[in-house]
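Welcome, and please take a moment to look over the sequence and the model before reading on. The report below walks through the strands, then the rings, and then a few single residues.

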Amino acid sequence: MSPVKVFGRAISTNVSRVLVCLEEVGADYELVTVDFLAGEQNSPEHVERNPFGKIPALQDGDLVLFESRAIAKYILRKYKSSEVDLLRESDIREAALVDVWTEVEAHQYYPALSPIVFECIIYPIMRGVPTNQQVVDESLEKLKKVLETYEARLSASRYLAGDFLSFADLNHFPFTYYFMATPYASLFDAYPHVKAWWEGLMSRPSIKKISANMPTKF
């Protein structure tokens, strides 16, 4: 069986989300470089894979997918095993909790945390735009409120959906990793259960492997 192909670069948050899931399930894959810094995602060849000119895209035989969260779920369903079941779809209650905290990441956590990453890292590097401190400060206040909820949740269970690792946890890896490279990483110190959860994620072999190809200093 040919390995699936992932189109993008590991330094991309959305690509790394997909790669971590592939590593967790032990699937064979090939990372095909699409250099978004050089604008290669807008090439006609890549737009055939992702009509929005974004990365990643995934090719598995004649199936082509885009949108990192959808790709990740496809991977976790295809390579599900008794040892690795990160969507927990065999248990309706556990699956529902995975869905809840996956949605929380997308609609609460990401909108609060990602502007800090964009303002401190992405915009200055990719666009040469200085950090907008007002945006950072407002986002930090939003993030603190979100982390209060996470602290309460993680004081009651080891992981977000329960006492088992799931896609809901892995989904937080890419942007949190880059957040920890901003001047505001110490914010997590105020939330000990959140910090312990994050450190546990960072100790996973899959995350160690993928993060080795993601910069930590800018």
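This is a predicted model: local features need pLDDT of at least 70, side-chain atom pairs count only at pLDDT 80 or more; totals for chains, interfaces and linings use all residues.

Strand β1 is largely enclosed by the rest of the structure, because four of its five residues are buried. A residue counts as buried when its relative accessible area is under 20%.

**The sheet around β1**

Which strands make up the open sheet, and in what order? There are four, arranged β2-β1-β3-β4, and their pairing is mixed. The edges are formed by β2 (29-33) and β4 (63-66), each of which pairs on one side only. From one strand to the next, the twist averages 20°.

| Strand paired with β1 | Sense | Bridges |
|---|---|---|
| β2 | parallel | five bridges |
| β3 (residues 57-60) | antiparallel | three bridges |

Helix α1 (residues 13-25) lies across β1 and β2, and it runs at about 155° to β1.

UniProt, in an unreviewed entry, places the feature "domain: GST N-terminal" at residues 2-83. Over residues 2-83 the chain is 34% helix and 22% strand, with the end C-alpha atoms 23 Å apart.

**Rings and their partners**

Now for the aromatic residues. How many aromatic pairs does a search of the whole structure find? The search gives ten. One of these pairs joins Y110 and F175: the ring centres are 5.0 Å apart and the planes stand at 80°, so the pair is edge-to-face. Because Y110 lies in helix α4 (residues 92-127) and F175 in helix α7, the pair ties together parts that are 65 residues apart in sequence.

Y110, with a relative accessible area of 28%, is partly exposed. Y110 also has a charge above its ring: the charged end of R69 sits over it, 6.0 Å from the ring centre.

Elsewhere, ring pairs link W101, Y109, Y150 and W197 into a cluster.

Where is H172 placed? This residue is in the loop between α6 (167-170) and α7 (173-179). With a relative accessibility of 1%, H172 counts as buried, since the cut-off for that class is under 20%. Setting aside neighbours within four places in sequence, its contacts are W101, E105, Y109, Y150, L160, W197 and W198. Among them are W101, Y109, Y150 and W197, the residues that ring pairs link into a cluster.

**A partly exposed glutamate**

Finally, consider E141, which lies in helix α5 (residues 133-154). Its relative accessible area is 44%, so E141 is partly exposed. How far apart are E141 and L63 in sequence and in space? They are 78 residues apart along the chain and 42 Å apart in space, C-alpha to C-alpha.

Conventions:
Residues are numbered from 1 along each chain as its sequence is written. Side-chain values use heavy atoms; hydrogens and water are left out. Two strands pair if DSSP finds at least two bridges between them. Helices (H or I, at least four residues) and strands (E, at least two) are DSSP runs, numbered from the N terminus. Axes are lines fitted to C-alpha atoms, for helices over the stretch in contact, and angles run from 0 to 180 degrees between N-to-C directions. Contact means heavy atoms within 4.5 Å. Buried means under 20% relative accessible area, exposed over 50%, partly exposed in between (1.4 Å probe, protein chains only). UniProt positions are given in the numbering used here, feature names are shortened, and annotations may be inferred rather than shown by experiment. Rings of Phe, Tyr and Trp (its six-membered ring) pair if their centres lie within 6.5 Å; planes under 30 degrees apart count as stacked, over 60 as edge-to-face and the rest as tilted. A charge sits over a ring if NZ of Lys or CZ of Arg is within 6 Å of the ring centre and within 35 degrees of the ring normal.
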